[in-house]
Amino acid sequence: MLSGGIGGARFISGLRDALDGRPDAEVTVIGNTADDIWLFGLRVCPDLDTVMYTLGGGIDTERGWGRAEETWHAKEELAAYGVEPSWFGLGDRDIATHLVRTQMLGAGFPLSDVTEALCARWNLGVRLIPMTDDRVETHVVIDDAGQPDGRRAVHFQEYWVRLQAPPAHAVIPVGAEDAKPGPGVLEAIADADVMIVPPSNPVVSIGTILAVPGVADAVRTTSAVVVGVSPIIGGSPVRGMADRLLPVIGVDVTAQAVAEHYGARSAGGLLDGWLVDASDDSAVAPLVDLGLVTRAVPLLMSDRELSRELAAEVLDLADELRRG
Ligand code: GDP
Ligand code: CA
């Protein structure tokens, strides 16, 4: 499967539970790295870490990101020195992860090796690999009256965390067009029986993974069945601000529009099957007309059991598609 941060991570934890008792099942997660950022000389990979901490049992479940039982002494000390950025939540425990990563990168290891080394501590039960070892960073073009053309591009983290997702003109995964898929990425897609697009952000999580040359084609041509889950329920992104970015790429904030954006593989798109929320069942018929096998089931992942049930629905739909 592909994954961003919190939506992907919750789904994967449900998938792991749903696969309990099927020890032959292997899960490879291709993680988004376009959220990554250098802060205070540290390489921070928010989505990889959200998946790693969630599956490793180290996540702060209230916030949905960062470490449980976190303290913030380093952040307070940095603020006391008056250095920026002060808006990014770098906890003390979390910093240890970034120190290990940055040290290994500095020693010449690619991010894929670093990620494997970090994950070894956490026993994820799945294989987590970055979408690329190359630097890709999402930038967002926003209004800025102080600029000659009235616009400015900011790093995605600044857009999301500091500015809280103001109106945007464009979302650009800088570096993506020259990036190579990470080791194992194309093979995992080609060799899969089932490929899952979880309810991650279609623009800045799934969209950036698909922007790495070769990945979208691998999804189009894999012999696996490809099943996706809507990140939109009843016109709302559930948690987070995905509704701010879909219109920027010309996609309405509905389960149907996101499915149309990904497209049916039978028509050159990416999906064979799609799950919408039970409350969005009016989207089923139009999507079936587009060639997508669509079911309406509860999509809210409010707790681990609901996440497991959702993952079981995905596997069930995949089984049906595999039987043809
Ligand atoms: P991020 O990188 O932390 O933003 O995480 P992702 O991109 O993986 O997932 C964020 C998306 O998950 C949001 O845009 C929401 O639309 C979606 N999402 C969050 N919670 C739920 C949920 O309970 N059910 C569904 N279907 N989608 C959700
Ligand atoms: Ca993210």
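Student: Is Y262 buried or exposed?
Tutor: Y262 counts as buried because its relative accessibility is 5%. Buried is under 20% relative accessible area, exposed over 50% and partly exposed in between, with a 1.4 Å probe and protein chains only. The model is predicted: local features need pLDDT of at least 70, side-chain atom pairs pLDDT 80 or more, while totals for chains, interfaces and linings use all residues. Residues are numbered from 1 along each chain as written, chains are lettered from A and ligands numbered from 1 in written order, and side-chain values use heavy atoms without hydrogens or water.

Student: Which residue forms an aromatic pair with Y262?
Tutor: That partner is W274. Rings of Phe, Tyr and Trp (its six-membered ring) pair with centres within 6.5 Å; planes under 30 degrees apart are stacked, over 60 edge-to-face, the rest tilted.

Student: And what does the pair tie together?
Tutor: Y262 is in helix α11 (residues 255-262) and W274 in strand β11 (residues 273-277), so the pair joins parts twelve residues apart in sequence.

Student: Is W274 buried or exposed?
Tutor: W274 is buried, and its relative accessible area is 0%.

Student: How many aromatic pairs does the structure hold?
Tutor: The structure has six aromatic pairs. Elsewhere, F156, Y159 and W160 are linked by ring pairs into a cluster.

Student: New topic. Which residues coordinate the calcium ion?
Tutor: D35 and D47 coordinate the calcium ion, which is ligand 2. Donors are N, O and S atoms within 2.8 Å of the metal, or 3.2 Å for Na, K and Ca.

Student: Where do D35 and D47 lie?
Tutor: D35 is in the loop between β2 (28-31) and β3 (37-39), and D47 is in helix α2 (residues 46-56). The pair therefore ties together parts that are twelve residues apart in sequence.

Student: Are those two buried or exposed?
Tutor: D35 and D47 are both buried.

Student: OK, how many disulfides?
Tutor: The count is zero. A disulfide needs two cysteine sulfur atoms within 2.5 Å.

Student: What is the relative accessibility of C45?
Tutor: C45 has 0% relative accessibility, so C45 counts as buried. C119 is buried too, with a relative accessible area of 12%.

Key:
Helix = DSSP H or I, 4+ residues; strand = E, 2+ residues; numbered from the N terminus.
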